[in-house]
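Subject: Structure for your review

Dear colleague,

Please find below the structure that I am handing over to you, followed by an account of what was found in it.

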Amino acid sequence: MKVVSVVGARPQLVKLAPIAAAFAGTAHEHVIVHTGQHYDANLSDVFFSGLGIPDPDVHLGIGSGSHGVQTGNILAALDPVFAEAAPDWVLVYGDTNSTLAGAVSAVKQHIKVAHLEAGLRSFNRRMPEEHNRILTDHAADLLLAPTEEAMRHLDTEGLARRSVLVGDVMVDVCLNIRDAVQRGEHPAPTLPEGIDPREPYLVATLHRPDNTDDPRRLTALVEALAGLSVPVALLAHPRLVARAEEYGVKLAQGAVHVGQPLPYAGLVSAVMGSVGVVTDSGGLQKEAYLLGRPCTTLRPETEWVETLEGGWNVLVPTPTDLGPRWADVATRPAPEAPRGTPYGDGRAAHRVVEVLAERAG
Ligand code: UD1
């Protein structure tokens, strides 16, 4: 069997790591295509080296642009790549513009498409990720779902026959790296200046267009973080840095200490050393849950509803609406409620390879 994986943005590289490792122990051929959607070294290259992913076989070098331009350029560039590779499957990951472009190029060439992390829904049609995941699910031949909840969404949309519950590959990679960090196999992460790893601190990230692209909202969110009593390590995504500069919003103020995005092991290690997480990232909500740190999500909804059980994750769309309670929520201690294993057993990637092989013919 020959499988082409299409990746381009940071969260896809994390998901690619366990998939590439699962293919490595088989006779199947696995080709990696990087679209170049993310091109900064600390959003891309460090994930390949840090997670032991083989170098991409093809790099399209697409870069940034409006959604239409970025998606369209990836789509056009993928056509000849898939035509030449003629794989049994094109495997697309998650919900970025690279995911949608990969699915559309493959389906139009009658190449079978499998969608990893299928069935997630925020029901927020303002999110580019929501368009991408719905369109991709409906184009794909095989829907590899991470959770029971995702399976229910696919069923509701008439896609049950194409869906398989495999579990979440992020568990595979997160728990492996956690164990390696505990064994001392990774150096301590480079935390923002002013953060003392021996004292309590929060890890924060902010990059959703709904949060970063409106100057008033961005100002309010940064001020909410700045007013906390616990130091905040803000690992700033390039989109956040670009918008803050454009709008004249100072990120480093009050409790906020600004640093670069971290490589994956650095992030896991930073979360393990923290007292909690404040974020709008889907992946980080789940990593906080898996690592047992309370998470506060700066969004009105989450695709990962299982993290809300027992108060491990709390949704705060607008911190100012909470008044002084905001600080209590963001700095609350870890709940005592036990965490379940809604994301699977850490062997999802092997299951993905098995299901693809079974259905390749
Ligand atoms: C993308 C995904 C999002 C994912 C996120 C993780 C889409 C629609 N969004 O959002 O689902 O959660 O990646 O990071 O696909 N930029 C750089 N360097 C880079 C990449 C981007 O400076 O390496 C800047 C560009 O100026 C660009 C902005 O960041 O305007 C946004 O990049 P883009 O790839 O469009 O989306 P993300 O916000 O990263």
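F123 is exposed, because its relative accessible area is 61%; exposed means over 50% relative accessible area, buried under 20%, and partly exposed in between, with a 1.4 Å probe and protein chains only. F123 sits in the loop between β5 and α5 (128–139). Helices (H or I, at least four residues) and strands (E, at least two) are DSSP runs, numbered from the N terminus. Although F123 is not a glycine, its phi is positive, at about 60 degrees.

The model is a predicted one, in which local features need pLDDT of at least 70 and side-chain atom pairs count only at pLDDT 80 or more, while totals for chains, interfaces and linings use all residues. Residues are numbered from 1 along each chain as its sequence is written, and side-chain values use heavy atoms, with hydrogens and water left out.

A second residue with this kind of backbone angle is H110, which is not a glycine and has a positive phi of about 60 degrees. H110 belongs to the loop between α4 (97–108) and β5 (112–116), and with a relative accessible area of 75% it is exposed. As background, most residues other than glycine have a negative phi.

Overall form

The protein contains 14 helices and 13 strands. Along the principal axes, the C-alpha atoms fill a box of roughly 60 × 40 × 40 Å. Of the 361 residues, 55% count as buried. Among contacts (heavy atoms within 4.5 Å) with a separation of 6 or more, 69% are between residues 24 or more positions apart.

The accessible surface comes to about 14900 Å², and 52% of that surface belongs to carbon and sulfur atoms; the areas come from the Shrake-Rupley method with a 1.4 Å probe, and for residues only the protein chains shown count as cover.

Domains

The protein is divided into domain 1 (2–168 + 344–358) and domain 2 (180–330), with bounds that come from an automatic or database domain assignment. The C-alpha centres of domain 1 and domain 2 lie 26 Å apart. The contact between them takes 23 residues from domain 1 and 18 residues from domain 2.

Helix α11 (residues 264–273) is largely enclosed by the rest of the structure, because 9 of its 10 residues are buried. Among these buried residues are Y264, L267, V271 and M272.

Helix α12 (residues 282–291) is mostly covered, with 9 of its 10 residues buried. Its buried residues include Q285, K286, E287 and A288. The buried residues of α12 pack against α7 (169–182), α11, β11 (276–279), β12 and β13.

Q285 is buried, with a relative accessible area of 0%. Leaving aside neighbours within four places in sequence, Q285 is in contact with T279, C295, T297, R299, T302, T307 and N313. A288 is also in helix α12 and is buried at a relative accessible area of 0%. Not counting residues up to four places away in sequence, A288 touches V271, V277, R293 and C295. The C-alpha atoms of A288 and W312 are separated by 8.5 Å, and the two residues are 24 residues apart along the chain.

Two loop positions

A255 lies in the loop between α10 (238–247) and β10 (256–259), where it is buried with a relative accessible area of 10%. Beyond its neighbours within four places in sequence, A255 is in contact with L225, A226, L228, V230, P231 and V232. One of these, V230, is 25 residues from A255 in sequence and 6.6 Å from it in space, C-alpha to C-alpha.

E309 lies in the loop between β12 (295–297) and β13 (313–315) and counts as exposed, at 59% relative accessibility. The C-alpha atoms of E309 and G340, which are 31 residues apart along the chain, are separated by 9.0 Å.

Yours sincerely
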